[in-house]
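Dear colleague,

I am writing to hand over a structure for your study. Please find it directly below, and kindly look through it before reading my notes.

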Amino acid sequence: MSAPANTRERTSFLLSVLSNPMGLIAALILLAMVLVAIFAPLIAPFEPNAVQIFKVNAAPGNGYLLGGDGSGRDIFSRLVYGARNTFLGALVAVTVAGVLGVTGGLFAGYYGKTFDTVSGWIADGLMALPAIIVLLALFQALGSSIYLSMAVFGVMLSPGFFRLTRNLVRGVKHELYIDAARVAGLSDIRIILRHILLVIRAPVVIQVSIVAGIAIVIQAGLEFLGLGDSNVPTWGGMLQDAFANLYVAPKSVYWPGLAISFTVASLVLLANAIRDRMQRGDAAPRAAKLPPAPTSVTAPLPADKDALLQVQDLVVGYPDRAGWKPVVKGVSLTLKRGEIFGLVGESGSGKTQTAFSVLGLLSTGGRVLSGSIRFDGDEITGLSEAQRHALRGKRIAYVPQEPMSNLDPSFKIGFQLVEPMVTVLGISKAEAKARALQLLARVGLPDPERVFRSYPHEISGGMAQRVLIAGAVSCNPDLLIADEPTTALDVTVQMEVLELMRDLQAEFGMSIILVTHNFGVVADMCDTVAVMKDGQIVETASADALFADPQHDYTKMLLGSVLEDPETRSYRAPEESAA
Amino acid sequence: MTAPVLLDVRGVNTIFGAHHVLKDVSFTIRPGETVGLVGESGSGKTTIGRAILGIGPVSSGSLMFQGQEIAGLAPRERKGDAARIQAVFQDPYTSLNPSMTIEDILAEPVVARGIQSVSEARARVRELLDAVNLPADAAHRFPREFSGGQRQRVAIARALALQPKLIVCDEPVSALDLSTQARVLDLFVELQERTGVAYLFVSHDLAVVRHISHRVAVMRGGEIVEFGECDQVTARPEHPYTQRLLLAAPVANPARQAERRAAFRALQKA
Amino acid sequence: MIGYLLKRAGFGLALLIVMSTITFFLVFSGTERVAANILGDNASDADIAALTTELGIDRPMLVQYGEWMGGALTGDLGRAWTTPGSVTEILARRLPVTLSIVGTAVVVMALVSAVLGITAAVRGGWADRLIQLVSVIGFAIPNFWLGLMLVVLFALNLRLLPATGYVSFSTSPLGWLAAVTLPVTALVLGGIASASQQVRGAVIDALSQDYVRTLRARGVRSASILYRHALRNAMPAALTVLSVQFIALLGGAAIIERVFAIPGLGELTVRSAIVGDVPVLMGVVVAMIIVVILVNMVIDVVNAWVNPKVRLK
């Protein structure tokens, strides 16, 4: 039912993979190889097993393009025919591995429970042994048919597909659109066919490519060890022959090896091209050239002794295909000492990027393109990373949005508090520990000793945010940058955390930049507010003035969207006709 | 005659292993009514929504929908209107399959039920898009080409496709920006007035719930602590937990917020 | 922690029993031609029948299995059919040779992959492109072909290193080093190709976590963030790679030993497979499973040590 749209998307996907030069070259080589395999009788000048006794180990020439092998057969013809056997063997292995692994993975991932557990054990068991040893051990039972061996090898490789598919399905299974499909009444089979296969097809294609490469190498290895049918021309068998004649005709080892390498390399490059295409959205594109160094502001503001932070005409950009895309477009703000300054706006307004540029911690690729940031009278945009580093933690601190992901899961909370204090304040570990325990008590954690000894996953989100606040104030900063510090918290916890931040602000005499989208939080906390839209500040005012008398239309619109209903809706049953 | 009660939730319990997530949950939803369900994380508000949708477990208790017992029945096993209960989920970024066109997404529910043929379903897509104020040319585009608010409109259109009597809305506006949120809420109200659909509106935000609901239930730790008329619950709550919840949400007015904070502190101490 | 280890050990034991049982029935089902293989083309039917009876392979499978398992539980894996001596003795002679090569290869692979992977993750640029190139080349060149090329280059043309043979470390450390250099080189390239990519991915992933920004904001030194925090969090992924690659290297050694005529387990397997010396093959499989299980347990211990969630479970 979705045929037209999917075809269109698939075509464009294929085209964009082929528009990658590496992908195109790899695809062309593979295509050529497959054609050679199919039309081998037309291409090969000799029968692969035709022997000319006087050409044993002959040098190239004389009709034998690449010379003769140890039995006097034409190396080139055998190479051409060898492609057939190679691709067929790989096809057998990939088909068996793919069918077993993908089906098993789909069911294990979607239904879980016993099937998942048991099939997981089987996969673990199959992966516990080197495949080649198993194939060797089974040689007598399987006989010299390489295809049977490759089918068994396919079984040994199926855990790769199984795990990949199972993990993908597990990831997709809890997506809300799968729930929506179930609510819409789709059967499980239909959900798997329509929704899940769509998502897993590209990773599976990559895996097919990789597994085909592995199969080709292993197959050649088995044949090299003499486990193939000696009557069938194969690349591995040719290497075995070349190995036996290594001291007589060392050059014969090149050709079959090159054939294998080119084929496998093409498969890998094709897989990489597909992967690149899939990840294109996430990767930060490389900027064509570095931007000009941050220019100083033409008319700098006079230094203001009351101001802790003066930002002027700040422009922050990220590289994209066309060059530098600004996300902060000329922001100016002044933060007074001891003030709580709210930076408020909707998503994409640039409020977080403005805050991060003050911290000097923009995401990868991000840069201050122009403008000035003066902290305590000193320009900090041009500072080296080391100078910047000296400010962080000690004078400028940070409280993040998402408490759990901002604690290192592998270290105890105590260590994560002590380490920065030892580094920044230069105090001993014992002193730092004592201070950390004090701080944990100060931020309202009932059992500081226990929290100190805990790992992050052992405490709640609200507790984690208190730990992060304790860490932020641990070195007595002058400026605290809080990026949506309560957005991830429940509303009652939010109230307590805001209360805590306000108390600490008074106690430590800090200034706070509070980045938020919530006007309630602004009204609760802030002295001054700047409203941001599309990388610019549209209005700055004291909190009282802003709420009482907003000047800019955008501010008015935002405040108008705040839900405060004096009346509630009154219920009346729907009319018969509407029901 | 319209039945006085559309959905009667009575004594529902859900137990996940050692966790008793829902404890004797009871409430009703009338036709064309919005019942708001407020609670903090872990209160069980999403679990009851999923149980009603037939994608979450019910350990004991009853869910009567127009006289039909639907507890523990998957959507496909339900009959009549009960089979058409629909959902709008929180995250508009993951509730639409990124590799399907809007048209496919909107046609899927009716085609899956065999209600209409593919071509008939497609013909209705324009109507659905129109109902949620999206342009007709949206049909052939992919979800990634839309903003959060627009995606949520698509999700609402998908829920409307089966002409349901009840839509379970699980935090449908909490991932949206303030201005978008207001517009999407208006759309919910407008659609309800036009089609007579009832909503179970799950949210953590008391202001949102007050805006859209006729009656409100407050959940905490798997229990409903208060259930009553919207204005009473959201403005003059009786239960101390609801009072705490109400005072904890900061309001966009510095003077009034200072008063509320003082009241919250007093409540904390009490 | 102890419980966790016991559970892993129990799983290993179950795996050993199940796998050896399955392998037994598969391997011993293909023994009809074995007597003829051993005796060669000129053997009479009577001789073949006599040998078949002598080897005991005309008995029901279950009887053979019971006998084999009974012996295996006491450490007796039976007698080899085509060479003198018990399987256990042969394995005891061969296993150290293979382990010395595979062990060296694992260490080399781990070190090179860690350096390459971390550099590529932190530096990007040329290191990143180098690692991409290595990964394609390493994947595409079969290790035995690389071995052959190395023999042609270093042994035949340059005459720098011995082409074949093995000297044990206790006999002559330098001789051992000369003997294993080429095999180990041939063996590790593929491992490095895959492992360095995955180390790079794991480190990039660890460095892009939210807590890295927070640690930087707190003034923690970059070196500590990389070597203490990021690497520790990348460790579980890297250990998984190590476990997978160890198994791959064990398999690769089978072919490489053939190229360099090294008297290890792999060479033994190949020869036994071709003639059909089934007790030796069974012994090899059992020995490999035991080695793999032990290595995985060591990896589990390290993983539990770096990863609190595993330890506390």
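This is a predicted model: local features need pLDDT of at least 70, side-chain atom pairs count only at pLDDT 80 or more; totals for chains, interfaces and linings use all residues.

Residues are numbered from 1 along each chain as its sequence is written, chains are lettered from A and ligands numbered from 1 in the order in which they are written, and side-chain values use heavy atoms, with hydrogens and water left out.

Chain A and its domains

The domain assignment of chain A, where bounds come from an automatic or database assignment, gives domain 1 (27–39 + 76–280) and domain 2 (307–560). The C-alpha centres of these two domains lie 50 Å apart.

Chain C against chain A

In chain C, 62 residues are in contact (heavy atoms within 4.5 Å) with 75 residues of chain A. The buried area, meaning the accessible area (1.4 Å probe) that two parts lose on being put together, summed over both, is about 6200 Å² here, and carbon and sulfur atoms give 69% of it. C:Phe139, C:Arg213 and C:Arg218 supply 13% of the area that chain C buries against chain A, more than any other three residues.

Between chain C and chain A there are two salt bridges; the term stands for a side-chain nitrogen of Lys or Arg within 4 Å of a carboxyl oxygen of Asp or Glu. C:Arg216 forms a salt bridge with A:Glu385, and the closest N and O atoms are 3.5 Å apart.

Chain B against chain A

Here 79 residues of chain B are in contact with 61 residues of chain A. The area buried between chain B and chain A is about 6000 Å², with 55% given by carbon and sulfur atoms.

In one salt bridge, the side chains of A:Arg569 and B:Glu193 meet at 3.9 Å, N to O. The largest share of the side of chain B that touches chain A, nine residues, comes from helix H5 (residues 178–195) of chain B; helices (H or I, at least four residues) and strands (E, at least two) are DSSP runs, numbered from the N terminus.

Salt bridges within chains

Over all chains, the count comes to 43 salt bridges. In chain A, the side chains of A:Lys329 and A:Asp534 meet in a salt bridge at 3.2 Å, N to O. A:Lys329 lies in strand S2 (residues 323–336) of chain A and A:Asp534 in the loop between strand S9 (528–533) and strand S10 (536–542) of chain A, so the pair ties together parts that are 205 residues apart in sequence.

For accessibility, buried means under 20% relative accessible area, exposed over 50%, and partly exposed in between (1.4 Å probe, protein chains only). A:Lys329 is partly exposed at 30%, and A:Asp534 is partly exposed at 47%.

In chain B, B:Arg10 forms a salt bridge with B:Asp8, the closest N and O atoms being 2.2 Å apart. B:Arg10 is exposed at 52% relative accessibility, whereas B:Asp8 is buried at 14%.
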